[in-house]
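Open the model in your viewer and keep the selection panel at hand. The stops below say what to select next and what is there.

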Amino acid sequence: LLTPPGTQGCVCLTRCPLLSPHPPLPSAPLQDIRNTVGNIPMEWYQDFPHVGYDLEGKRIYKPIRNKDELDMFLEKMENPDYWRTVQDKMTGADIKLTDEQVDLVHRLQKGQFGDVHFNPYEPAVDFFTHEVMIHPVTNRPADKRSFIPSLIEKEKVSKLVHAIKMGWIKPRKPKDDTPTYYDLWAHEDPNSILGRHKMHVPAPKMKLPGHEESYNPPPEYLLSEEEKLAWEQQEPAERKLPVVPQQYRCLRAVPAYARFIHERFERCLDLYLCPRQRKMRVNVDPEDLIPKLPKPRDLQPFPTTQALVYRGHTSLVRCLSISPSGQWLVSGSDDGTVRFWEVCTARCMKTLTVGGVVKSVAWNPNPTVCLVAVCVEQSVLLVNPCLGDKLLYGATDQLLESYAAPEEERVQPVQWVTATVEEHSKGVRLLVQHSKAVKQVTWHGKGDYFASVVSDNSNMQVLIHQTSKRWSQNPFRKSKGLVQCVLFHPIRPYFFVATQRYVRVYNLLKQELTKKLMTNCKWVSSMAIHPGGDNIICGSYDSKLAWFDLDLSTRPYQLLRHHKRALRSVAFHRHYPLFASGSDDGTVIVCHGMVYNDLLQNPLLVPVKVLKGHVMTLDLGVLDVLFHPTQPWVFSSGADGTVRLYT
Amino acid sequence: TVTRRLCILKGIYPHEPKHKKKVNKGSTAPRTFYLLKDIKFLLHEPIVNKFREYKVFVRKLRKAYGKSEWSTVDRLKDNKPSYKLDHIVKERYPTFVDALRDLDDALSMCFLFSTFPRTGKCHVQTIQLCRRLTVEFLNYVIASRSLRKVFLSIKGIYYQAEVLGQPVTWITPYTFAHDHPTDVDYRVMATFTEFYTTLLGFVNFRLYQSLNLLYPPKIDGQTDVELKPSEGKEYAMDSESYLEKLSALSASLARVVAPTHEDEAEMDEFPVEGETAEQMDTRKKEEEALEKHKKLFEGLRFFLNREVPREPLAFIIRCFGGQVSWDKSLCIGATYDVSDPSITHQIVDRPQVERQVVGRYYLQPQWVFDSVNAKLCLPVADYFPGVLLPPHLSPFVTEQEGDYVPPEKLKLLAMQRGENPEEESEEEDEEEEEEEDDNDKEEEEDESEKEEEMKLKKMEEQKTQSKKALPVKVTAGKLRLEDKQRLEQEQQSEEKRLAIMMMKKREKYLYKKIMFGKKRKVREANKLAAKRKAHDTALREERKKSKKARRA
């Protein structure tokens, strides 16, 4: 700050700029009450009666203030110089500013110089002239160091030189002035397409958006509330739409898409982290997949419609058998009866109460003998139904009675018992009593022998009986598993035994195992043999039907999975190339199974008809199927207590 | 991370081994497998050494900073190692067409990066470079008029251009600030962008060359002069405003060879062997349609209001030969004012326009997009400001047989064929309404008829009761009509069922899968159709109600 020239010679002890020009003190006797405390905050003296010390070290007391607010106000109103009165902080005295001082304040407030007479725009005086003088300004001789090279610099330079020599410092690279972009593909060299490029799998392009991604999609693409909820609950990977379609009424209302960066990032990840693979899309016309088979119409005759229903049984009909002439049908049921029907009229000719569940019935295939084997609990009944030609059934009775007991009793696994009179009147002629429950009986083609299967775990499961000699034998020494059913070969002396998973073929003459067929099924339920004797079909509880060609292999030639549920029985027709299978799903499927004499030609299997009719009861459908010996008709017995004939 | 960068730059991707267990030492845990060949290929890459040098450089620099050796820091920075990706681009894309085929991701990425803020996330230089390259590409598309399809989706705007016969699709986000996610690794994206910018730069160069344009692009001299006075002197330095002028997309570019008003060098006709006259005709027609499409907006003058997105609209309009301008204060490069009487279309996106000028259409921006996709200037009535807009359909969907086709699309197709479905539909509507009225009357008539019938029945009953007929009745035998066709059909279907039973397991599985897919497709289409129908009936009823209310 410039001191105004008018107050020169005044020593300023205080640094308060306003009061620096020492004011003429109002009271002459107190001459010099300058404060000596120095430049300190005066608040420190707030609580004291004095404000500091004068030059002699005596206290300077604060002036006595006895004015109250009212006095102050009155003074403010009355004193015309009130506005120019200020309090000196250092002494506490009120000072009235002079006109000069007020002027100074005004000038400073305006940002002007404090001195009125100061001219800031005076012409500049060149102290050091632009003219070059011939003499130096100083007369000092130059230093020695200005004539000799600097050691420090030399040291530095040598360090740098050494570093450059050693290759630690490299010269600045010349600026590369080739343009950043140029025609990279100016010389497309066909040789540069390497194997790599041929092997390269280009990344698939991102899916292009459909209508549903539009900002204003057609209304049908918008999700309803439930769909939206379902969308939210789905896993993000499972969602069919990546975003919920939304409708905005104008472009202005469309917000930013929050997942934009995410999607780009995911695409980047896909590009460098996803394994790529060329996948051949199966582009097949589904119609081409369907095999070309001969039309069923060309494979007639086969049963097509349900012709007759044989009603009478009150419980499941487990088994069926037909007389060799094809006139009579026998059925065994869970209600403890065996019924004999006339095929053409569906009339029940005879009912035989046997007092137990009938597991199996078998009509003697010999047309000269009229005999039916019936499995009831532990015994096999040989029944003469007394139907048809009187001569015929009379001859059968005679044949049975002509038996003469041998001299020496032989030990037999079963007991042959002649029927009592009461039973005889019903038609029962002989009882073959086993030790355990019998589940199947089957005749040999000639009609003299029959085999029975006992549900047992020992080697006594299969027994072969001779009717004329009333003699039984046990062909097996060892048990090979749970036997499900047995079968005689129609022509040759072979015997088929089906256990759970295998079918064993025994030669009865040589008494040895000839073949073991793997069925590829879990549990065989039934078995039938082609009249030619070279083909076997096996039904199984895992709803498969296996066709074996005995000449071909021990594995199934074909496994048919036509049925939806377990197969209960299978049957071959004696003349026509037909076979049928009945299943728990209530259907009988009739298939055309042509076997050619030419060994090179494989059998032709074509399903020709699905026959429905049986009502599902107790979760069971068809229990037995049987072909008519001469006509292309098929019988089926079901769990609903009926036997049906399809022609 | 070096491996990751290398893989990204060189385009190496993992492979799925044929025998996963064999490769994975017996375990089936998910792991990524690379071909040994690929990794060896990476090792030969010279850029690996550059990466190493860079690592060393960073280490040295850090050390120098730590010791505050500023001269060393300067020296190191002078010698900062740099690398180029030119050879990698050439190696990955031996021909230009290969590069074009792979341009989709590059463009989308560059467009995204060019919208990033200049702080954090990635280098400013990258963002600027991306912006420059994308603007250059847009300018090329304008100059070559190769834009084909545009689509406003909720994600952003999709564009499809046909560059030298290759379709190139890219997406740009709507211009809003990004809400930067935290679970995204920006370094991966930056590496991709590094490669993509190189690729796009070379592609741009080549494309500009193919059109005889200067690269780096220069605004055409005449227009440049025209632009200058309008924007005023104190705008910015020339070097800075240059990119902005370019990105305004309003000026054409300078050519190496002055355009000699090419007379659309007519294609010589080569009779190709085996090509019939019909095929030739169709090809010719397609070409004509394409030419027409390219000149869709030719002669029209657009003005963009400030609330519509300027860049996409300016780009699209210029791509199809239209002239476009905007408010001077909105962006550099405006060529004419709102008050220009020659303006034919003004794009507006607000509920109503105060002070309309006679002689121009006020339209919502969707009109531009829909017209481009429809390849013709659509009738403007549906797109006036404040009007409920028709649905915006995706141009990328080509409906196959059996797919659901929205009715708007059908209408559009009819329009493209040259029919005028509008009137018909209106007539139909009227007819429908009339029919409905008729129905009402008929219903009334029906009711009266029913009453009469009831009376008759009662009388008959009375008669029969009086007669007291015998309880035994002879009912007339019904003639059972055997529908031969149906029978045949049934038989055929049964045959098919039986044949299906004989299929092999694998084929059956495949067949079932195919059939399932087909059925699902049909189901979905049906669902959409039903939804639409319900919506339409609801709408019509509402309209009817409002009409009745008005009448009453």
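**Cores**

Start with the largest nonpolar core, which has 117 residues; B:Leu147, B:Trp170 and B:Phe315 have the most contacts inside it. A nonpolar core here is a set of buried Ala, Val, Leu, Ile, Met, Phe, Trp, Tyr and Cys residues joined through side-chain atoms within 4.5 Å. Helix H10 of chain B (residues 186-210) supplies the largest share of this core, 13 residues. Helices (H or I, at least four residues) and strands (E, at least two) are DSSP runs, numbered from the N terminus.

This is a predicted model, in which local features need pLDDT of at least 70 and side-chain atom pairs count only at pLDDT 80 or more, while totals for chains, interfaces and linings use all residues. Residues are numbered from 1 along each chain as its sequence is written, chains are lettered from A and ligands numbered from 1 in the order in which they are written, and side-chain values use heavy atoms, with hydrogens and water left out.

Select B:Leu147 next. Leaving aside neighbours within four places in sequence, B:Leu147 is in contact with residues including B:Trp170, B:Phe315, B:Ile316 and B:Phe320; contact means heavy atoms within 4.5 Å.

**Helix H15 of chain B**

Select residues 366-374 of chain B. Nine of the nine residues of this helix are buried, so H15 is largely enclosed by the rest of the structure. Buried means under 20% relative accessible area (1.4 Å probe, protein chains only). B:Lys375 follows H15(B) and has a positive phi, near 65°.

**The interface of chains A and B**

Show both chains. In chain A, 93 residues are in contact with 118 residues of chain B. The two chains bury about 8900 Å² between them, 62% of it on carbon and sulfur atoms; buried area is the accessible area (1.4 Å probe) that two parts lose on being put together, summed over both.

How many salt bridges does the rule find across the interface of chain A and chain B? There are twelve, a salt bridge being a side-chain nitrogen of Lys or Arg within 4 Å of a carboxyl oxygen of Asp or Glu. Select A:Arg264 and B:Asp105, which form a salt bridge with their closest N and O atoms 3.6 Å apart. H6(A) gives the most to the side of chain A that touches chain B, with eleven residues.

**A:Ser321**

Finish at A:Ser321, in strand E6 of chain A (residues 317-322). A:Ser321 counts as buried because its relative accessibility is 8%. A polar atom of the A:Ser321 side chain lies 2.9 Å from the backbone nitrogen of A:Trp363.

Conventions:
Buried < 20%, exposed > 50% of the residue type's maximum accessible area, 1.4 Å probe, protein only. Polar contact = N/O pair within 3.5 Å; in protein donor to acceptor, adjacent residues only side chain to side chain.
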